[in-house]
Amino acid sequence: MCHAFSHIDAHHDPVRLVDALHRLQSEPFFVSYKQRVRDLLRARPGRRFLDVGAGAGDAARELTAGTGAEVVACDLSRTMCAEMKKTGLRRVAVADSHRLPFADASFDGAWADRVLQHVEDPGRALDEMLRVIRPGGRIVVCDPDTATQVLDIEDHDLADKILALRRTAGIRHGTFARRVPGLLTARGLVEVEVEPRTLVVRDQRTVDGTMGIRDWAGAFADRGHLDRSEAQRFDALVDDAIRGGRFLYAVTYFLTSATLPTADRADDPR
């Protein structure tokens, strides 16, 4: 079982996924770390950046509006690319992150936000991002690490079971985020920095409208990973926890940034 965002165009209701991405834009947690992504890219007028797995294109539009830099947005999903064009983005490409259709060293920076966890081979996608960035350019990668999840409902065993399924069956590479700093260092990048950002969910609006937590157990039951009675019990316990003010879900995102070395730095004997 893969997450819906691994195969958007094959989803039974792709418009729902588009709407979910737009809703995230107003959530304080996402607003904050997306601003940090923009800061870390060091964008300015006259520079060119690539948004890999751009989704509905909100981040690409915000980077252009906020910095004056040129942004090319690409996504494997034709649904998402159509949405980006509909909302005003001009430079949009349907593209596989494993085989980016851009020349070597053609961008001043690139970023992937909640993307590499979903792709088939995140290491290859990371290398493709590095290939298209010029020496001295910036890369920023952000994903949650599903092994950092916590969930408080009355039945802790059931909560642990759901979170284990999220790690092993729900997302292709839920712990890839922790590997990114080491992979970039091993590839010779400099200024490799990691910032943890923890998302905490306690209110019903975010449970239902943003994170889709109430859908998790039902989706696992649909695919045979969970008994239907367990899924129903999970939903009921989530409701009870919300009504009682005890509900808590949290997961840590790792935001990694780095710089491609220039020829001078690469030749530096230090």
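Residues are numbered from 1 along each chain as its sequence is written, and side-chain values use heavy atoms, with hydrogens and water left out. Because the model is predicted, local features need pLDDT of at least 70 and side-chain atom pairs count only at pLDDT 80 or more, whereas totals for chains, interfaces and linings use all residues.

**The whole chain**

Begin with the cartoon view. The protein has 11 helices and 7 strands; these are DSSP runs numbered from the N terminus, helices being H or I of at least four residues and strands E of at least two. Next, colour by accessibility. Of the 270 residues in the protein, 53% are buried, where buried means under 20% relative accessible area, exposed over 50%, and partly exposed in between, with a 1.4 Å probe and protein chains only. For contacts (heavy atoms within 4.5 Å), consider those between residues at least 6 apart in sequence: 74% of them join residues at least 24 apart.

Select R42, in the loop between α2 (28–41) and β1 (48–52). Its phi is near 60°, a positive value in a residue other than glycine. The side of the chain seen here is partly open: R42 has a relative accessible area of 42% and is partly exposed.

Proceed to helix α3, residues 58–67. Its buried residues are D58, A59, A60 and L63. After α3 comes G68, with a positive phi near 80°.

**Helix α4 and the cysteines**

Select E83 in helix α4, residues 78–86. E83 counts as buried, at 12% relative accessibility.

Now display the cysteine sulfur atoms. The structure holds 0 disulfides, a disulfide being a pair of cysteine sulfur atoms within 2.5 Å. C81 is in no disulfide, and the nearest cysteine sulfur, that of C74, is 7.7 Å away. C81 is buried, at 3% relative accessibility. C142 is also buried, with a relative accessible area of 2%.

**The loop between β4 and α5**

R114 lies in the loop between β4 and α5. Although R114 is not a glycine, its phi is positive, at about 55°. With a relative accessible area of 17%, R114 is buried.

V115 is found in the loop between β4 (107–113) and α5 (122–131). Its relative accessible area is 9%, and V115 is therefore buried. Show the residues around V115: leaving aside neighbours within four places in sequence, V115 is in contact with V52, G53, C142 and D143. A distance to A54 may also be drawn; V115 and A54 are 61 residues apart along the chain, with their C-alpha atoms separated by 8.5 Å.

Then select Q117, again in the loop between β4 and α5. Q117 counts as buried, at 4% relative accessibility. Not counting residues up to four places away in sequence, Q117 touches D143, P144, I171, R172 and H173.

Two packed helices are described by the angle between their axes and the distance between the axes. Axes are lines fitted to C-alpha atoms, for helices over the stretch in contact, and angles run from 0 to 180 degrees between N-to-C directions.

Select α6 (residues 156–170) and α9 (residues 213–222), whose axes come within 11 Å and cross at roughly 60°. The two helices are therefore oblique to each other; angles under 35 degrees count as roughly parallel, over 145 as roughly antiparallel, 65 to 115 as roughly perpendicular and the rest as oblique. The contact is made by I162, L163, L165, R166, A169 and G170 of α6 and by W216, A217 and F220 of α9. These residues divide into 7 nonpolar, 1 polar and 1 charged, with Ala, Val, Leu, Ile, Met, Phe, Trp, Tyr, Cys and Pro counted as nonpolar, Asp, Glu, Lys and Arg as charged, and the others, Gly among them, as polar.
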